[in-house]
Amino acid sequence: MPRRPLRLRTAEADTEVRAGLDRIRAEFSVPGAFPPAALAEAAASAPPLNGRADLRDVPFFTLDPPGSLDLDQAMHLERRGSGHRVRYAIADVAGFVRPGGALDTEARARGVTLYLPDASSPLHPRPLSEGTASLLPGRERPAVAWTIDIDDAGRITGVDVRRALVRSRDRLDYATARRGDGDPRIALLGEIGERLIAA
């Protein structure tokens with residue numbers, strides 16, 4: 001049987017790749033659109049903010065792929081004596097989900113966000129994961145926040161976790177972080193990482 005030429009016209013190659021990815025989605029039952037009831041719940045949901053620690057003055061920042069809006073984690077790093085303090089905030093998306101509701105049922109069925117080269121199949125509807133629950137800079141958001149103290153030998157000496165209200169200051173991306181550009185936060189991230197690896 002003759003071999004197909006390796007070089008395809010761009011449009012033909014794009015069509016072939018899209019068709020192949022669609023076959024993968026079908027084979028592995030990758031979820032598509034969210035049911036209308038789950039979308040309606042996501043649009044109307046608002047988490048309770050009472051009783052949360054107020055960490056809005058902590059200058060958290062996010063670090064994600066360029067253009068990403070699904071910002072579900074943020075950090076703040078500082079030196080404390082000869083050690084460090086790491087504050088790590090995770091978007092409290094669960095606070096937006098009514099137990100047993102349509103959104104909860106759909107999220108449990110999906111389990112995780114799935115990524116393919118051309119798109120993702122999100123765990124939660126995008127208006128929630130990229131909007132009202134995302135740790136976008138300058139927005140007050142509910143989160144679960146860890147405070148972790150590390151000594152000069154890289155040992156963890158204290159941990160605190162609580163539900164909090166946070167306000168991220170900056171959205172950094174991986175390309176910026178790799179370049180460094182003199183950002184002291186990125187230098188500090190490397191310093192802490194090296195200390196933990198050595199420990």
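Biologist: Let's start with Gly81: is it buried or exposed?

Modeller: This is a predicted model, and in it Gly81 sits in the loop between strand 3 and strand 4. Its relative accessible area is 78%. Exposed requires over 50%, so with 78% Gly81 counts as exposed.

Biologist: Nice. Which strands and which helix are included in what covers the buried residues of helix 6?

Modeller: The buried residues in helix 6 include Ile186, Leu188 and Ile192. They cover an arc of only 160 degrees around the axis, which puts them on the same side of helix 6. Their cover includes strand 3 (73-80), strand 4 (83-91), strand 7 (140-150), strand 9 (170-173) and helix 5 (174-179).

Biologist: And which residues are exposed on the other side of helix 6?

Modeller: Ile186, Leu188 and Ile192 are the buried ones, so we look across the axis from them. The exposed residues on that other side of helix 6 are Glu194, Ile197 and Ala198.

Biologist: How many Å apart are the end C-alpha atoms of helix 6?

Modeller: Helix 6 runs over residues 184-198, which is 15 residues. At 1.5 Å a residue, it should span 21 Å. The model agrees, because the end C-alpha atoms are apart by 21 Å.

Biologist: How far apart in space are Ala199 and Ser68, C-alpha to C-alpha?

Modeller: In sequence, Ala199 and Ser68 are 131 residues apart. C-alpha to C-alpha, the distance in space between Ala199 and Ser68 is 32 Å.

Biologist: Let's turn to helix 3. What do its buried residues pack against?

Modeller: Leu103, Asp104, Glu106, Ala107 and Arg110 are buried in helix 3. They cover an arc of only 165 degrees around the axis, which puts them on the same side of helix 3. The face turned away from that buried side carries the exposed residues Thr105, Arg108 and Ala109. On the buried side, the packing partners are helix 2, strand 6 (120-121) and helix 4 (126-132).

Biologist: At roughly how many degrees do the axes of helix 2 and helix 3 cross?

Modeller: Ala37, Ala38, Glu41 and Ala42 in helix 2 meet Ala102, Leu103 and Glu106 in helix 3. The crossing of helix 2 past helix 3 is left-handed. The axes come within 7 Å, and their crossing angle is roughly 115 degrees.

Biologist: Last one: which positive phi does Ser29 have, although it is not a glycine?

Modeller: Most residues other than glycine have a negative phi. Ser29 lies in the loop between helix 1 (10-27) and helix 2. It is exposed, with a relative accessible area of 58%. Ser29 is not a glycine, and yet its phi is positive, at about 50 degrees.

Conventions: Residues numbered from 1 in each chain as written. Predicted model: local features only at pLDDT ≥ 70, side-chain atom pairs only at ≥ 80, totals over all residues. Heavy atoms only, no water. Helix = DSSP H or I, 4+ residues; strand = E, 2+ residues; numbered from the N terminus. Expected span 1.5 Å × (residues − 1). Buried < 20%, exposed > 50% of the residue type's maximum accessible area, 1.4 Å probe, protein only. Arc of directions from axis to C-beta. Contact = heavy atoms within 4.5 Å. Axes fitted to C-alpha atoms, helices over the stretch in contact; angles between N-to-C directions. Left-handed = near helix turned anticlockwise from the far one by under 90°.
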